[in-house]
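Here is a friendly walk through one model, meant to be read with the structure open beside you. Please take a look at it before going on.

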Amino acid sequence: MNWRRWRRISQWTFLFLFLFLFIRTAYRGTDEIAYPVRIFLHLDPLILLTTFLSTYAVPLALLLSLITAALTLILGRFFCGWVCPLGTLHDAVGHFNRRRKDAASDSAARRFKYYVLIVVVISSVFTLQIAGFMDPISLLIRSMAVAVEPVLNLMTHTVFDLLYRADIPGVTAASEFIYALLKTHILAFRQPLFYQGVFIGLLFAAILAANLYRRRFWCRYLCPLGALFGVIARVSPVKRMVGDGCSSCGVCERECRTGAASDKDGAWRKPECVMCFECQEDCPTNAV
């Protein structure tokens, strides 16, 4: 079974679903996130946990995240490798990273995300909800809304305005038709502007660019949701085993995007594995 193909189909499907829902979430005159994008937030057990600890109450819709937690108990950190839209963006940028064989040197650094999780959980007890900044789904929504969408919106208006002013026969007429469709279905009805947009945009760009240093940098070292999934995944019955056919070639360790795999039997880091199954497919001796 080609796990790589199916995982990529899953990843891009959920990313496009996220973007579609985000586009449909237009400003309607209220400072509240419209329901569509909340579907991803409601599948987030970190939001459920921090909300409960800070308010001692849980909105009914957040109970959907218990399904994600239950599946993680069975399948491990599947959400990070197959569903998370931010994780898909990390993989897309990390594709350009040709550095390999870096998993063995960062064992201590990977614990940092668990410290981040502890800080996020403790702060929620004191009603300080920093999960809204550190949770990957919240981070992606905030970055898209405050930084990415305003820039794309401005660029689109500028390009079509230039085409209109150029008045090129045929081209201008076609561009006006496309522009009308975009204004009706995608573009904001007015140019969004946020004072913190530049800062959030640079921070988001830096998080993605970190994948050029080490793939899945955010997932390895900083993501509190990934850390929570890692804690839950410890009891998952799904395990990675290396058979006698292993030649210790190091391919799995070199290619593992989160530094979870090793060519040594029993050295697999289960809480770090995002269940991509690529070590199984890449193994030249089919020993995994």
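A word on the ground rules. This is a predicted model, in which local features need pLDDT of at least 70 and side-chain atom pairs count only at pLDDT 80 or more, while totals for chains, interfaces and linings use all residues. Residues are numbered from 1 along each chain as its sequence is written, and side-chain values use heavy atoms, with hydrogens and water left out.

**The overall picture**

The protein has 15 helices and zero strands; both are DSSP runs numbered from the N terminus, with helices being H or I of at least four residues and strands E of at least two. Along the principal axes, the C-alpha atoms fill a box of roughly 70 × 50 × 30 Å. Of the 288 residues, 43% count as buried. Here buried means under 20% relative accessible area, exposed means over 50%, and partly exposed is in between, using a 1.4 Å probe and protein chains only.

Among the buried residues of α13 are Pro224, Leu228, Phe229 and Ile232.

**The second largest pocket**

Back to the pocket from the opening question. The second largest pocket holds about 360 Å³ of space. A pocket is found on a 1 Å grid over the protein atoms alone, as an open set of points where a 1.4 Å probe fits, with protein on both sides within 12 Å along at least five of seven lines; lining residues have an atom within 4 Å of a point. Grid points are joined across faces, edges and corners, and the volume is the space filled by probe spheres set on the points.

The lining comprises 20 residues, and those nearest the centre of the pocket are Arg8, Asp91, His95, Arg257 and Glu278. Helices α1 (3-24), α6 (85-94) and α15 (278-282) each supply at least two residues of this lining.

Arg257 lies in the loop between α14 (251-255) and α15, and counts as buried because its relative accessibility is 10%. The side chains of Arg257 and Glu278 are joined by a polar contact of 2.8 Å. Such a contact is a pair of N or O atoms within 3.5 Å; within protein, one must be able to donate a hydrogen and the other to accept it, and residues adjacent in sequence count only if both atoms are side-chain atoms.

**Rings and charges**

The model has 10 aromatic pairs. Rings of Phe, Tyr and Trp (its six-membered ring) pair if their centres lie within 6.5 Å; planes under 30 degrees apart are stacked, over 60 edge-to-face, and the rest tilted. Trp12 and Phe16 form a tilted pair, 5.9 Å centre to centre with 40° between the planes. Both lie in helix α1, four residues apart, about one turn of the helix. Trp12 is partly exposed at 36% relative accessibility, whereas Phe16 is exposed at 52%. Elsewhere, ring pairs link Trp3, Trp82 and Phe277 into a cluster.

Charges also sit over rings, as the table shows. The rule asks for NZ of Lys or CZ of Arg within 6 Å of the ring centre and within 35 degrees of the ring normal.

| Charged residue | Ring | Distance from ring centre |
|---|---|---|
| Arg142 | Phe133 | 4.4 Å |
| Lys183 | Tyr179 | 4.6 Å |

**Two backbone details**

Most residues other than glycine have a negative phi. Tyr56, which is not a glycine, has a positive phi of about 55°. Tyr56 lies in the loop between α3 (45-55) and α4, and is exposed, with a relative accessible area of 63%. Asn286 also has a positive phi, near 55°. Asn286 lies in the segment after α15 and is exposed, with a relative accessible area of 64%.
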